[in-house]
Amino acid sequence: MAQLRTLADRQSPEREMIPRVLLWAMFALAMITLAIVSLSVVTNRPHVGVPPAATAVQERWLVLEGKSAQAVVVRDADGTLLMDLPHGGFITVIQSAMARARLVAQIPGNPPMRVVRYDNGRLVAEDPATGWSAELYAFGGDNKAAFERLLDQTK
(Lines give C-alpha, C1' and ligand atoms only; values in the text may rest on other atoms or scores of the structure.)
Protein backbone atom coordinates (compact mmCIF):
# COMPACT_ATOMS: atom_id res chain seq x y z
CA MET A 1 0.00 0.00 0.00
CA ALA A 2 2.87 2.36 0.62
CA GLN A 3 3.73 2.23 -3.06
CA LEU A 4 0.39 3.61 -4.20
CA ARG A 5 0.38 7.36 -4.47
CA THR A 6 -2.64 9.52 -4.57
CA LEU A 7 -3.26 11.88 -7.45
CA ALA A 8 -2.51 14.87 -5.22
CA ASP A 9 0.97 13.47 -4.41
CA ARG A 10 2.02 13.44 -8.07
CA GLN A 11 3.30 16.57 -9.76
CA SER A 12 1.56 17.71 -12.88
CA PRO A 13 3.68 17.24 -16.07
CA GLU A 14 2.88 20.84 -17.08
CA ARG A 15 4.62 22.16 -13.96
CA GLU A 16 7.73 20.18 -14.75
CA MET A 17 8.05 21.41 -18.37
CA ILE A 18 8.80 25.08 -17.68
CA PRO A 19 10.32 25.92 -14.32
CA ARG A 20 8.82 28.91 -12.52
CA VAL A 21 12.22 30.64 -12.38
CA LEU A 22 12.51 30.47 -16.18
CA LEU A 23 9.05 31.98 -16.61
CA TRP A 24 9.97 34.89 -14.32
CA ALA A 25 13.25 35.36 -16.20
CA MET A 26 11.42 35.53 -19.55
CA PHE A 27 8.93 38.03 -18.12
CA ALA A 28 11.78 40.15 -16.72
CA LEU A 29 13.57 40.10 -20.09
CA ALA A 30 10.41 41.28 -21.87
CA MET A 31 9.86 44.10 -19.34
CA ILE A 32 13.50 45.24 -19.49
CA THR A 33 13.34 45.30 -23.30
CA LEU A 34 10.13 47.32 -23.19
CA ALA A 35 11.73 49.78 -20.74
CA ILE A 36 14.84 50.24 -22.93
CA VAL A 37 12.77 50.82 -26.08
CA SER A 38 10.47 53.24 -24.28
CA LEU A 39 13.44 55.20 -22.93
CA SER A 40 14.93 55.37 -26.43
CA VAL A 41 11.69 56.73 -27.89
CA VAL A 42 11.08 59.23 -25.10
CA THR A 43 14.63 60.64 -25.29
CA ASN A 44 14.63 60.75 -29.14
CA ARG A 45 17.84 58.73 -29.25
CA PRO A 46 19.23 58.61 -32.81
CA HIS A 47 18.90 55.31 -34.65
CA VAL A 48 22.00 53.14 -34.94
CA GLY A 49 22.65 50.46 -37.53
CA VAL A 50 20.88 52.46 -40.23
CA PRO A 51 22.84 52.62 -43.49
CA PRO A 52 24.21 56.09 -44.14
CA ALA A 53 22.59 58.19 -46.84
CA ALA A 54 24.40 57.91 -50.14
CA THR A 55 24.03 58.75 -53.80
CA ALA A 56 23.10 56.04 -56.29
CA VAL A 57 25.87 55.65 -58.85
CA GLN A 58 24.45 52.72 -60.84
CA GLU A 59 21.10 50.97 -61.05
CA ARG A 60 19.41 48.30 -63.09
CA TRP A 61 15.81 47.18 -63.27
CA LEU A 62 15.45 43.39 -63.34
CA VAL A 63 12.67 40.82 -63.38
CA LEU A 64 13.40 37.66 -61.39
CA GLU A 65 11.24 34.65 -62.27
CA GLY A 66 11.39 31.66 -59.94
CA LYS A 67 11.05 28.39 -61.84
CA SER A 68 11.52 25.94 -58.95
CA ALA A 69 13.12 25.82 -55.52
CA GLN A 70 16.53 26.43 -57.14
CA ALA A 71 16.02 27.65 -60.69
CA VAL A 72 15.60 31.31 -61.54
CA VAL A 73 15.38 33.29 -64.78
CA VAL A 74 16.73 36.84 -64.82
CA ARG A 75 15.37 39.28 -67.39
CA ASP A 76 15.97 42.92 -68.07
CA ALA A 77 12.99 45.22 -67.45
CA ASP A 78 12.23 45.14 -71.21
CA GLY A 79 12.02 41.32 -71.15
CA THR A 80 15.48 40.55 -72.58
CA LEU A 81 16.81 37.27 -71.17
CA LEU A 82 19.98 37.88 -69.16
CA MET A 83 20.44 34.56 -67.36
CA ASP A 84 18.66 31.24 -67.05
CA LEU A 85 20.10 29.62 -63.94
CA PRO A 86 19.14 26.04 -63.02
CA HIS A 87 20.89 26.59 -59.67
CA GLY A 88 20.52 30.31 -58.99
CA GLY A 89 21.99 30.22 -55.49
CA PHE A 90 21.70 33.58 -53.75
CA ILE A 91 19.74 35.09 -56.65
CA THR A 92 17.07 32.46 -56.00
CA VAL A 93 17.08 33.36 -52.30
CA ILE A 94 16.45 37.03 -53.08
CA GLN A 95 13.76 36.11 -55.64
CA SER A 96 12.01 33.92 -53.06
CA ALA A 97 12.12 36.63 -50.39
CA MET A 98 10.77 39.22 -52.81
CA ALA A 99 8.04 36.84 -54.02
CA ARG A 100 6.99 36.27 -50.40
CA ALA A 101 6.82 40.02 -49.74
CA ARG A 102 4.69 40.44 -52.87
CA LEU A 103 2.39 37.60 -51.85
CA VAL A 104 1.83 39.19 -48.44
CA ALA A 105 1.25 42.62 -50.03
CA GLN A 106 -1.03 41.03 -52.66
CA ILE A 107 0.92 42.49 -55.61
CA PRO A 108 -0.28 40.96 -58.88
CA GLY A 109 2.11 39.91 -61.63
CA ASN A 110 5.87 40.20 -61.48
CA PRO A 111 6.90 43.87 -61.76
CA PRO A 112 10.60 44.70 -62.07
CA MET A 113 12.83 45.15 -59.05
CA ARG A 114 15.76 47.53 -58.79
CA VAL A 115 19.40 46.73 -57.98
CA VAL A 116 21.29 49.85 -56.89
CA ARG A 117 24.97 50.49 -56.20
CA TYR A 118 25.68 53.51 -54.00
CA ASP A 119 28.82 55.62 -53.83
CA ASN A 120 29.60 54.35 -50.32
CA GLY A 121 29.83 50.71 -51.50
CA ARG A 122 26.31 49.59 -50.59
CA LEU A 123 24.53 47.26 -53.00
CA VAL A 124 20.77 47.02 -52.48
CA ALA A 125 17.92 45.05 -54.06
CA GLU A 126 14.73 47.12 -53.85
CA ASP A 127 11.16 46.23 -54.70
CA PRO A 128 9.22 49.47 -55.26
CA ALA A 129 5.96 47.54 -55.46
CA THR A 130 6.15 46.48 -51.79
CA GLY A 131 8.85 48.66 -50.23
CA TRP A 132 10.88 45.50 -49.49
CA SER A 133 14.66 45.76 -49.77
CA ALA A 134 17.77 43.73 -48.99
CA GLU A 135 21.25 45.08 -48.31
CA LEU A 136 23.14 42.65 -50.56
CA TYR A 137 26.60 43.58 -49.32
CA ALA A 138 25.65 42.23 -45.88
CA PHE A 139 25.43 38.64 -47.17
CA GLY A 140 29.12 38.28 -48.01
CA GLY A 141 31.35 38.87 -50.98
CA ASP A 142 30.28 35.90 -53.11
CA ASN A 143 26.59 36.70 -52.78
CA LYS A 144 27.20 40.38 -53.47
CA ALA A 145 29.26 39.44 -56.54
CA ALA A 146 26.31 37.52 -58.02
CA PHE A 147 24.29 40.74 -58.20
CA GLU A 148 27.28 42.87 -59.20
CA ARG A 149 27.63 40.66 -62.30
CA LEU A 150 23.99 41.34 -63.13
CA LEU A 151 24.51 45.06 -62.57
CA ASP A 152 27.63 45.19 -64.73
CA GLN A 153 26.33 42.94 -67.52
CA THR A 154 25.77 44.79 -70.79
CA LYS A 155 22.68 44.26 -72.89
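## Aromatic pairs and the cluster

Rings of Phe, Tyr and Trp (its six-membered ring) are taken to pair if their centres lie within 6.5 Å, with planes under 30 degrees apart counted as stacked, over 60 as edge-to-face and the rest as tilted. In this predicted model, local features need a pLDDT of at least 70 and side-chain atom pairs count only at pLDDT 80 or more, while totals for chains, interfaces and linings use all residues. Residues are numbered from 1 along each chain as its sequence is written, and side-chain values use heavy atoms, with hydrogens and water left out.

Phe 90, Phe 139 and Phe 147 form one aromatic cluster, and a search of the whole structure finds three aromatic pairs. One of them joins Trp 24 and Phe 27, whose ring centres are 6.0 Å apart and whose planes stand at 85°, so this pair is edge-to-face. Both residues lie in helix α2 (residues 20-42), three residues apart, or about one turn of the helix; helices (H or I, at least four residues) and strands (E, at least two) are DSSP runs, numbered from the N terminus. Trp 24 counts as exposed at 56% relative accessibility, whereas Phe 27, at 46%, counts as partly exposed (buried means under 20% relative accessible area, exposed over 50% and partly exposed in between, with a 1.4 Å probe and protein chains only).

The rings of Phe 90 and Phe 139 have their centres 5.1 Å apart and their planes at 45°, so that pair is tilted. Because Phe 90 lies in helix α3 (residues 90-105) and Phe 139 in the loop between β6 (132-135) and α4 (141-152), the pair ties together parts that are 49 residues apart in sequence. Phe 90 is buried, at 10% relative accessibility, while Phe 139 is partly exposed, at 44%.

## Helix α3

Helix α3 has 16 residues and reaches 23 Å from its first C-alpha to its last, close to the 22 Å expected at 1.5 Å a residue, where the expected span is 1.5 Å times one less than the number of residues. Its buried residues are Phe 90, Ile 91, Thr 92, Ile 94, Gln 95, Met 98, Ala 101 and Arg 102. Just after α3, Gln 106 takes a positive phi of about 55°.

Gln 95, at 11% relative accessibility, is buried, and apart from residues up to four places away in sequence it touches Leu 64, Glu 65, Gly 66 and Val 72 (contact means heavy atoms within 4.5 Å).

## Strands

Strand β2 (residues 72-76) and strand β3 (residues 81-85) pair in the antiparallel sense over four bridges, where pairing requires that DSSP finds at least two bridges between the strands. Val 74 stands opposite Met 83 in β3, and in the hairpin of β2 and β3, with four residues between the strands, Gly 79 takes a positive phi near 100°.

Ser 133 has its place in strand β6 and counts as partly exposed at 41% relative accessibility. Leaving aside neighbours within four places in sequence, Ser 133 is in contact with Val 124, Ala 125 and Glu 126. Ser 133 and Ala 101 are 32 residues apart in sequence and 9.7 Å apart in space, C-alpha to C-alpha.

## Confidence

The protein chain averages a pLDDT of 87, and 88% of the residues score at least 70, pLDDT being the predictor's confidence in each residue, from 0 to 100. Among the elements of the chain, helix α1 (residues 13-17) has the lowest mean pLDDT (61) and α2 the highest (95).
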